[in-house]
Number of protein chains: 2
Amino acid sequence: MNLFGPSLERLVVALRCLPGVGPKSAQRMAFHLLESDQTGGRRLADALIEALDKITHCQACRILSETDLCAFCVNPKRNHSQLCVVEMPSDVQAIEQTTAYQGLYFVLMGHLSSLDGIGPTALGMDLLAERLDKNEIHEVILATNLTVEGEATAYYIGELARGRKITVTRIAHGVPLGGELEFVDSNTLSHAFKGRQHL
Amino acid sequence: MNLFGPSLERLVVALRCLPGVGPKSAQRMAFHLLESDQTGGRRLADALIEALDKITHCQACRILSETDLCAFCVNPKRNHSQLCVVEMPSDVQAIEQTTAYQGLYFVLMGHLSSLDGIGPTALGMDLLAERLDKNEIHEVILATNLTVEGEATAYYIGELARGRKITVTRIAHGVPLGGELEFVDSNTLSHAFKGRQHL
């Protein structure tokens with residue numbers, strides 16, 4: 001038991017559910033909340049409960065959203081004929097920061113992984129297939145991660161779209177801007193060679 | 001506004017009250033709680049509210065405690081004639097881990113700092129003086145930090161105790177165990193020389 005009683009102990013344990021927080025940081029956070037920032041602590045508890053209650057997934061694209069349809073899906077200014085498929089909502093955020101893409105998204109919330117028992121249904125592939133059947137999408141852009149699972153997922157969705165005569169593209173993988181060849185890992189470099197384009 | 005709505009935005013802002021959590025980590029934590037660990041999120045909110053409601057300070061020594069008197073102050077096995085004065089509850093935890101000390105504690109919850117407007121009353125010096133007046137304490141051990149403020153605080157409490165003819169000691173500062181002289185900073189080293197003892 002914790003020196004200062006069971007509820008502090010429970011708070012320390014609960015804080016460890018946060019990513020990157022080990023026993024020492026959890027303790028530091030608990031002390032900070034109780035000693036120096038009780039207002040912040042209450043605000044955090046309220047914000048957590050509110051977010052967990054309100055935020056669900058968009059019924060069309062599975063993005064985190066407070067409404068049935070997310071801000072992207074109801075925005076008439078976006079290009080509704082392009083659909084970018086990503087693994088996580090954080091990927092959407094990264095892409096939006098570039099402002100290079102104006103189409104819609106579809107968030108899988110993961111990738112195909114037979115080891116973890118994650119199949120097409122868990123990733124909303126049926127919802128995606130339904131959406132593709134509506135003939136509104138002319139291009140599916142695959143932006144899943146370049147991992148074994150991400151690639152397998154991209155392949156699966158590629159087949160889904162090709163079967164419906166929809167253009168399928170994959171975002172380019174290669175040497176990052178400002179990256180020096182000397183310091184780029186060999187997998188990336190071999191991808192950069194395979195993906196070379198005519199000038 | 002956040003891409004995914006105001007309550008996610010509020011959660012990200014609220015998470016930043018945690019020490020060491022910047023905008024990127026706060027976002028990662030928020031996504032993690034909403035996507036992968038909703039149970040953990042609810043447990044965290046409950047634990048926070050419970051801890052903030054239940055935990056107050058011991059009326060005798062200002063340690064974090066769920067009861068009016070903390071587990072140290074009511075424990076007959078501890079040496080009630082020794083009082084170790086520290087700045088924060090986390091210091092108590094560090095000392096308890098050594099098991100080298102069996103007396104009681106007094107937690108200031110900070111240090112004297114005219115810049116931040118923290119005077120003797122805010123640190124519970126009146127409570128400490130009252131306690132020293134009871135003639136139960138025979139030794140006051142000063143374990144405030146070795147900073148300008150910590151030293152000033154130690155000096156103030158030293159005067160308080162000396163005025164009541166109570167022995168005052170300060171914990172030793174010097175080269176840490178296993179520390180190599182080469183790598184010890186010069187302040188620590190000069191303290192180690194000043195605090196040298198007869199063999």
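Start by selecting Glu96(B) and Arg78(B), whose side chains meet in a salt bridge, with 2.9 Å from N to O. Glu96(B) sits in helix H4 (residues 89-98) of chain B, while Arg78(B) belongs to the loop between strand E2 (64-65) and strand E3 (79-86) of chain B, so the pair ties together parts that are 18 residues apart in sequence. Both Glu96(B) and Arg78(B) are buried. As you look around, keep in mind that this is a predicted model.

**Along helix H3 of chain B**

Next, pick Glu50(B) and Lys54(B). Their side chains also form a salt bridge, at 3.1 Å from N to O. Why are these two residues about one helical turn apart? Because they are 4 residues apart in helix H3 (residues 38-54) of chain B. Is Lys54(B) buried or partly exposed? Lys54(B) is partly exposed, since its relative accessible area is 41%.

Salt bridges that share partners link Arg10(A), Glu50(B) and Lys54(B) into one network. Over all chains, a search of the whole structure finds 14 salt bridges.

**Over to chain A**

Select Lys54(A) and Glu50(A), where a salt bridge of 3.1 Å, N to O, joins the side chains. This pair lies in helix H3 (residues 38-54) of chain A, and because Lys54(A) and Glu50(A) are 4 residues apart there, about one helical turn separates them. Lys54(A) counts as partly exposed because its relative accessibility is 41%.

**Where two helices meet**

Bring up helix H4 (residues 89-98) of chain A together with helix H2 (residues 23-35) of chain B. Their axes come within 10 Å and cross at roughly 145°. On the H4(A) side, show Pro89(A), Ser90(A) and Gln93(A); these meet Gln27(B), Phe31(B) and Glu35(B) in H2(B). What kinds of residue make up this contact of H4(A) with H2(B)? The residues divide into 2 nonpolar, 3 polar and 1 charged.

**Stepping back to the domains**

Color chain A by its domain assignment: domain 1 covers 6-54 and domain 2 covers 78-170. How far apart do the C-alpha centres of domain 1 and domain 2 of chain A lie? The answer is 35 Å.

**A last stop**

Finish with residues 58-73 of chain A, where an unreviewed UniProt entry places the feature "zinc finger region: C4-type". The end C-alpha atoms of residues 58-73 of chain A lie 8 Å apart, and the span is 0% helix and 12% strand.

Note on methods: Residues numbered from 1 in each chain as written. Chains lettered and ligands numbered in written order. Predicted model: local features only at pLDDT ≥ 70, side-chain atom pairs only at ≥ 80, totals over all residues. Heavy atoms only, no water. UniProt positions renumbered as here; feature names shortened; annotations may be inferred. Axes fitted to C-alpha atoms, helices over the stretch in contact; angles between N-to-C directions. Contact = heavy atoms within 4.5 Å. Nonpolar A, V, L, I, M, F, W, Y, C, P; charged D, E, K, R; others polar. Domains from an automatic or database assignment. Salt bridge = Lys/Arg side-chain N within 4 Å of Asp/Glu carboxyl O. Buried < 20%, exposed > 50% of the residue type's maximum accessible area, 1.4 Å probe, protein only.
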